Amino acid sequence: MNWSVSFEPLISWIWLAVVLVPIALLALAGLFFRQRGAWVRLLALAALALALINPVLMDEEREPLKSVVALVVDRSQSQDIGDRQAETSAAVEGLQQRLARFPQFEVRVVEAGRANAADERTETRLFGALESAFRDVPPSRVAGAIMVTDGQVHDVPTGAEPFNAPLHALITGDEGEKDRRIRFENAPRFGIVGKPLQMSYRVIASPQNQTGPNQNGQVEVRVLVNGEWVSTERATIGQQMLLDLIIPNAGRNIVELSIPAEEGEITDTNNRAVAILDGIRENLRVLLVSGEPHAGERTWRNLLKSDASVDLVHFTILRPPEKQDGTPINELSLIAFPTRELFVEKIDDFDLIIFDRYQHRDVLPILYYDYIAEYVEKGGALLIAAGPEYAGDQSIARTPLMSALPAMPSGQVIDQPFYPRLTDLGQRHPVTRGLEGSGSEPPHWSRWFRLIGIDRPEGEVVMKGPDDRPLLLLDRKGEGRVGMLLSDQGWLWARGFEGGGPHVQLYRRMAHWLMKEPELEEERLIANGRGMTLDVVRQTMSDDPGPATVISPSGQAITIPLTNSQPGVFTGSMEVDEIGLYQVGNGDLSALAHVGPVNAPEFADTVSTEDVLRAPAEASGGSVRRIASLTGVSLPGIVPVRGSSNASDNDWIGLRTTDDSVLKSVSRVPLFGGFFGLGVLLLALGSMWYREGR
């Protein structure tokens, strides 16, 4: 019960003064001159004044409010080390039981630190969680906060205390832990394929390691690129080391450094460092040889010249050897075809050789076709853009180059209009899959009018002509690749005949597939990290590649089902809660993907520590202490404290209580109301009248 007196005058204070002040002056004058009955008159005046002022006795019923305690639980990945998670769970359970004994406390449990798909940050942000817990709580009701963590917190405020209440940190993990880690100091984001690239890294030992035998020693560092071992380096602990690499592939490359785990080390999670580099091809060199001028000759030239990544060398045979008209050599403006330089001395410098309607006219010595076939076997790329000459007597198929060709001519030249169409295989093949206009029947592109007949095609027929005859073949020969386009009518698409067609898309994909661009491989497994989501893409020519197997950074095996998203492409994804390098496998293929930020702060330092939270805890009047003991978890006692009292000691922690309350009801009792007030007033006035009458 809360009693108080309130005055509720019957008239305004101004009129009250007008009425009472003159009477009070007369009463005081009577006292001053010691008149008889002055005290009685003064008491009557007081009774009249109280009646007019109307004093009210009030009884307030209030409900006390609880003080709010934030119990912030660190569930970050570094808490998975050793017994920290078990210690954390035991501590949280014990604290909740102890806090439940105090009805004056409201406990809010907040778990923080675990990354999810919507939050790509992998820092342990406990103070952000603490701020959220107290967002709707006035400062007077904040009792304090208890953090259960390993001490590796990345959002500690600087300069000022976090809030005006005790902050207590209970540290999991053991004192004297030791750890050794590796990190990249300098890792470029880009590199030229096949060229050396310099990076730098450092091996760091925790302070507990500094007194050990390896404080200034060396450690072996394994270097892997895209999961394949490259070299083993020797690194001096604490010093920046240089690393020279050759970028093997265009597109994404994952460079991984790893060091062996040391005896007694708390975790080997940070014994690996990852850098993701984009490999950029230096300009591709293409040799284009046109056997004769024709309508489609400039189509290839213009396409290849428009590609900034291609260095084109183009020759057109304008004067074959059999053309002898007596013109002196010194009067000819034609450039001699440097056959020996191109096909003997520098043939290996080219990434692709294209024969565009070329026929054997003794321009190339017969031996040079052997060199071209050998070039393909060793990994080169050859494209035959065939015309009527391929079916004739001077066809290059009748030279030693025949060993590298996917089909021999039948001698037929089919001259009839037809729509180029994708085969069932072509609908799944990366070169022709999804060609613009291929989804309708007939295809939404123009017709062609000539096709060269072949016998016993090898490789993959991805486009067909009339009567399902092969139009585009793609084949592998040894380590190299060969493509054959059995029509010289592609220029009709380039000229916009009947609306044209996707000649740029088709020709460019053919050329880049021949030059082994990874994106155009028929059998390919791709894994990418998107936030905390792992995405898997499988390109395949089969009908069902089966599920993908994923190995998490902690070694756990997970299966991801793959579903058909488009012809030849199967996809799958899953949300993960571990940050690091994931190994994905499907059939004979494997891929790597890093999920979460590369070299995340969460693993920069994993040794539990009291130092990070000591300053903000002491600034708030709180404390920092370890809870691990030989018998399990040792928790301090909890003591409610008031105001600025001491909030911690060796075996207890204090939480502040509040005096705030909520008013529920008020009872009013007028002191001079009703018959009681009237009786007192009449008694006072009657006494004055009686005294005056005497």
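## Overview of the chain

The chain exposes about 34,000 Å², of which carbon and sulfur atoms supply 51%. The model is a predicted one. Its secondary structure comes to 12 helices and 38 strands. Of the 694 residues in the chain, 48% are buried. Among contacts between residues at least 6 apart in sequence, 71% join residues at least 24 apart.

## Helix H4

Helix H4 covers residues 126–133, and its buried residues are Leu126, Phe127, Ala129, Leu130 and Ala133. Seen down the axis of H4, these buried residues fall within an arc of 155°, and therefore they line one face of the helix. An α-helix has 3.6 residues a turn, so residues three or four places apart point the same way. The elements against which the buried residues of H4 pack are listed below.

| Element | Residues |
|---|---|
| Strand S3 | 67–74 |
| Strand S4 | 105–112 |
| Strand S5 | 142–149 |
| Strand S6 | 167–171 |
| Helix H11 | 611–619 |

## The largest pocket

The largest pocket holds about 860 Å³ of space. Its lining consists of 27 residues, and those nearest its centre are Asn226, Asn249, Leu525, Ser590 and Ala591. At least two lining residues come from each of strand S11 (228–236), strand S13 (251–258), strand S25 (524–530), strand S31 (580–586) and strand S32 (589–595). With five residues, S25 gives the most to this lining.

## Two individual residues

Thr423 is placed in the loop between strand S20 (421–422) and helix H8 (424–428). Is Thr423 buried or exposed? Thr423 has 12% relative accessibility and counts as buried, because the limit for a buried residue is under 20%. A polar atom of the Thr423 side chain lies 2.9 Å from the backbone nitrogen of Gly426. When neighbours within four places in sequence are left aside, Thr423 is in contact with Val461, Val462, Met463 and Lys464.

Trp491 belongs to helix H9, which spans residues 491–494. Which residues does Trp491 touch, not counting those up to four places away in sequence? They are Ala295, Gly296, Thr299 and Tyr507. Between Trp491 and Gly501 there is a separation of 10 residues in sequence, and their C-alpha atoms are 9.5 Å apart in space.

Definitions and conventions
Residues are numbered from 1 along each chain as its sequence is written. This is a predicted model: local features need pLDDT of at least 70, side-chain atom pairs count only at pLDDT 80 or more; totals for chains, interfaces and linings use all residues. Side-chain values use heavy atoms; hydrogens and water are left out. Helices (H or I, at least four residues) and strands (E, at least two) are DSSP runs, numbered from the N terminus. Buried means under 20% relative accessible area, exposed over 50%, partly exposed in between (1.4 Å probe, protein chains only). Contact means heavy atoms within 4.5 Å. Accessible areas come from the Shrake-Rupley method with a 1.4 Å probe; for residues, only the protein chains shown count as cover. The arc is that of the directions from the helix axis to the C-beta atoms. A polar contact is a pair of N or O atoms within 3.5 Å; within protein, one must be able to donate a hydrogen and the other to accept it, and residues adjacent in sequence count only if both atoms are side-chain atoms. On a 1 Å grid over the protein atoms alone, a cavity is a set of points where a 1.4 Å probe fits but cannot get out, and a pocket is an open set with protein on both sides within 12 Å along at least five of seven lines; lining residues have an atom within 4 Å of a point. Grid points are joined across faces, edges and corners, and a volume is the space filled by probe spheres set on the points.
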